[in-house]
Each structure stands twice: as structure tokens, then as C-alpha cells.
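Welcome! Take a moment to look over the sequence and the structure, and then we can walk through some of the contacts inside.

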Amino acid sequence: MQRSILFLAITSALSTAIIVSDVQASSHREAPSITRSPTVDATDFYVFNSYETGREGYVTLIANYIPLQDAYGGPNYFALDPAAVYSIHIDNDGDAMPNLSFNFRFSQSLVNEGNGVQLAIGPEGNQRMVGVPLKNVGGISSDSSAALNFIENYSVELVNGADVSNLMPADGAMQFTKPYDNVGNKTFTSSAAYQAYADQYVYDVAMPGCDAMSRIFVGQRKDPFVVNLGETFDLVNYVPVEGDSAPGAGDGGGFPGGITQSDNNDDLLDKNVTSLAIEVPTACITGSGNGVVGAWTTASLPQARILNPNATFAKPEVNGGALVQVSRLSNPLVNELVIGLADKDKFNSSKPADDGQFADYVTHPSLPALLNILFKDAVNATLGTDIQDLAPSNFPRLDLVNAFLTGVEGVNQLATVTPSEMLRLNTAIPAKPAAMQSAFGVAGDDLAGFPNGRRPGDDVVDIALRVVMGALCHDIPVNGTPTNLGYCMPEDAPVGNVPFTDGAPLNATMLNSEFPYLLTPLAGSPN
């Protein structure tokens, strides 16, 4: 990219005042207020060209909610909020405002006309019909859900400019159904049996003005994100540099004392999540733009909630007033490790088009300075060096601006550039099969991966750690050739070529290769 183009990009960015996602994990419990409302807490967002065989020409968008689900967390498990609106937004003209929005609304009901399953309790002459305390009273399978006491349904509204339409299942059903969470193997027999049950709720859907069918699935999945969560937020309580000569080599030939790759470093290994997944024909979302789309997910609640002092299942509270956005997510961990604590709730309620208010967090990010404070002395002592500052010195951080705010020209930049925090996907760059994907995305010579969208197998923790510490000041492979992108120089980032990692491995072969791509959720009772 020419210097003049870069200068224009940063000038535009600074004049509009922008925000970047120089981040290293997922958005679980990322702001003070959202911790009180876990049912509307977005955890991860994915946008990628579908790589399921035979699904060329489709884009998949997945919004995950309700963080850190322990599979055994009964008896009420992880229903979505019936007062909330969960949305997936797409910008195809570059103004950082939605051209299309898919709005999901959920409802909850009990069988037996709202009374739930009841049993006759007591001897003849003194019997009472008494409701059971559980959401299911027997086994559930792909053949029968008769033992299910609690049902979640949902609707999907498509807002396309001034046009609003309700999407309906192609099989003629009047509404969509969310499968019951995987409460355990006595209820569902096995993981395979649960998956067969959940597969029934992958719906073909017709979109107005779109010739090909879309697909929708909402349900519990194994959390696809991997991260050394506890130790990372304990002031990075490990040496975040690869300790082997290559990841997984097991030879200790890397940085002395550095962390090595192990599933034991993944604190989400035993967690589930709730996914809202939609696959849409590419031609139906790109509009008249250049084939690049920006996307993000939000959750909104009514402004007022008055608790019912005599609460019932049907009416635990009364909700009213305008919808208020309480959660927002596109690139991972922006709010956790970029936005200052005082502004985290503000970020969750803001729109991409208004991201100018967070400019200083981008152009002068604090995370590299924190890592310098934590590790400079140890690095110098270990290597016998005298590095004065581990943090990159190129201010403002042009490398981060282009990578995460404006997109990269020729890769994932919309025709009109509005600096804003969105995932940007170039739908014209062909998807790669799972076995051919690089977990390091663009930095791994794979233009189909992060930050060109985000796939479930992209190791965004390691990517973002390296980028924030200056990897783009050093050569990266472009079509196999080491290339300096012109944002900054190696001397601007003294440790920019270091293989930073949290030690939690991830790649596309660890997930499924067909919609909705994420693995079957863990069973609450695995025996």
C-alpha cells in the first residue's frame, strides 16, 4: 500500500476519531453492567465465506450469547431473554450503519396450556394434580419430544432499508423452535443422539428478493473459543511467548520459560454457549457495493422493567419503553482489553458510526504499555538485552487503524471508508477448506481468515497479541513472499516478530465443517 494512501486513511480515521480491536480473546463478561444480564451478553461473533462442501456463494454469520455455560447448570439451564431483541447487522455501503438487520425474538411456554406437566399425587380421594419442577420428565430424541415440559420458540425479522418482513421456515411451520439444551446423556442417550435431535432445528428459509434459500439455527453449542482466560486476566500470569521451537513440538526450544501449547490452557474447554447462526446467499447481502460487508451483533432490552411482586411463569415482570442496546460485538475482546473501564458500558450501547468518541483507545492503546510494565525486566534478564520499551513506538498506531478500523485496501476495505469497529469480510475471496486454513489468517498467508472476517478456527488470541505488539511493522507473508506493508518499520516494534501466544491451541480441524460449524454442546451429565 502506498504511503499516500496510508496517510489518507489515517487522516480520515483521526478526523473521524476511531476505535480498533487490538485484542486477544473473546467477549465474556466484558463490561460492568452486562455482567448483571448474562442472557444478553454476546461472547463471540463470526462472519466468513461458507466452507462447507457445496456451499460456495454463501456467507455464514454466527452470534454467540450467554457466556461460560457449565453444561450441568440446571435445572433451568440457559434460555434466552423473551424481552430482548438479538440482532445481526450488515453494512454493505460503508457508512457503518446497517443496511440489513436480522432481529431474533424469543418466547417461552409450558405444555398443557401453560400449566406444565402435572402428576396425580396422593391416594384416591385425596389426590392433587401437581406440576413437576423439571423442564423435561423423560427421554428426548429426534423422534419424540413428548417428555419436554418447556419450549422456546423464536421469530426472525429482516429489516432491509424501509422494508420489514418476517422470515418463515420453508417447511411450513408457523415459527422457529430452539432445541432444548444438552442436559445430559440419560435424557438424550449420547452426544450423537443429541446432535441428531438438534439437527431437526436447522431451517431452510426464504429471504425476500433472494432466489436461493438461507439457513438458520439457534441452539446450544460447545463454546468454540479457546483462551487462557483466568491466567490472562490475572495480570498475564504466564510467559506469553511460545516455549517450543514450533507450536506443539514439545522440545522446549523456544523462549526460555515460555508457555507451550496445551488444551489444559483453554479455560473454555468445558463450557457451552448459545448460538444464533444464519447462512445467507452472498448476492443477497452485498448490495451495490464492492463485495465487502461489515457486520456486528447487538442485543437490546426495553428501557423499563418492572418486577411483578406476584410473579408467574407467564408474567414475571412488565417491560416497556423504547429498546435500549445493552450489548455489542464484532471483533473479539475490544471491550475487555481496549476500552477503558469508565467507557465499557458506553461502548456496549454505541453504534459503529459513532466510534469517534473512543479515539484515544485506538491511536494510543494502553495494552502494549501494560505488557511492557509486566514483562520488560524479565525479557531483558532472560535474553541479556537492554530493550528500553517492549511496546511499539509508532504513534498514532497506523497499523492497527488499517487492520481493524478501515479494512485493508485490496483485501477487506469497503468502497466507502467510515472508520468504525466492525468485522469486515471480502466475499470475493474464496473460502478455504478447513484442512487448508491457517489459524493465523491473513498473517498466516491465508487471506480468507481474520481479520478478513473471522472463522471459528482462527486463533484470534495469538493473532491479536502479535499485532498489538507490532507484528505488522515486520514482514508478513503476502502470497508467500515476506512483505513489509508500509505501516511502520521493524525498529518501531522491538518484539513485533516474537511468537506471542496464550498457549491455548485452535485450528479449523477442531470444529465441524458444515453449518452451523460449531461442535455439539457438552452434556450436563456425560455418563
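Arginine 105 and glutamate 157 form a salt bridge, with their closest N and O atoms 3.5 Å apart. Arginine 105 belongs to strand β4 (residues 100-110) and glutamate 157 to strand β7 (residues 150-160), so this pair ties together parts that are 52 residues apart in sequence. Please keep in mind that this is a predicted model.

Glutamate 157, at 18%, is buried, because buried means under 20% relative accessible area.

A search of the whole structure finds 14 salt bridges. In general, side chains of opposite charge can pair when their charged atoms come close.

Another of these pairs is arginine 305 with aspartate 81, whose closest N and O atoms are 3.2 Å apart. Which parts does this pair tie together? Arginine 305 lies in strand β13 (residues 292-307), while aspartate 81 sits in the loop between β2 (58-70) and β3 (85-91), so the linked parts are 224 residues apart in sequence. Arginine 305 is partly exposed, with 39% relative accessibility, whereas aspartate 81 is buried at 10%.

## A buried pair and a network

Next, look at arginine 397 and aspartate 399, which form a salt bridge with closest N and O atoms 3.0 Å apart. Arginine 397 is buried, with a relative accessible area of 1%, and aspartate 399 is buried too, with a value of 0%.

Some salt bridges share partners: Glu52, Arg55, Arg215 and Glu279 are joined in this way into one network.

Now for the nonpolar side chains. In soluble globular proteins, nonpolar side chains tend to be buried together. Here, the largest nonpolar core has 107 residues, and the members that touch the most others are Leu61, Tyr86, Phe102 and Phe104. A second, separate core is made up of 5 residues, including Val334, Val338, Phe347 and Phe358.

What does tyrosine 86 touch, leaving aside residues up to four places away in sequence? Its contacts include the phenylalanines Phe102, Phe104 and Phe106, along with Val40, Tyr65, Leu80, Leu276 and Ala299. Tyrosine 86 also touches Thr39, Asn103, Thr298 and Asp81.

Methods. Residues are numbered from 1 along each chain as its sequence is written. This is a predicted model: local features need pLDDT of at least 70, side-chain atom pairs count only at pLDDT 80 or more; totals for chains, interfaces and linings use all residues. Side-chain values use heavy atoms; hydrogens and water are left out. A nonpolar core is a set of buried Ala, Val, Leu, Ile, Met, Phe, Trp, Tyr and Cys residues joined through side-chain atoms within 4.5 Å. Buried means under 20% relative accessible area, exposed over 50%, partly exposed in between (1.4 Å probe, protein chains only). Contact means heavy atoms within 4.5 Å. A salt bridge is a side-chain nitrogen of Lys or Arg within 4 Å of a carboxyl oxygen of Asp or Glu. Helices (H or I, at least four residues) and strands (E, at least two) are DSSP runs, numbered from the N terminus.
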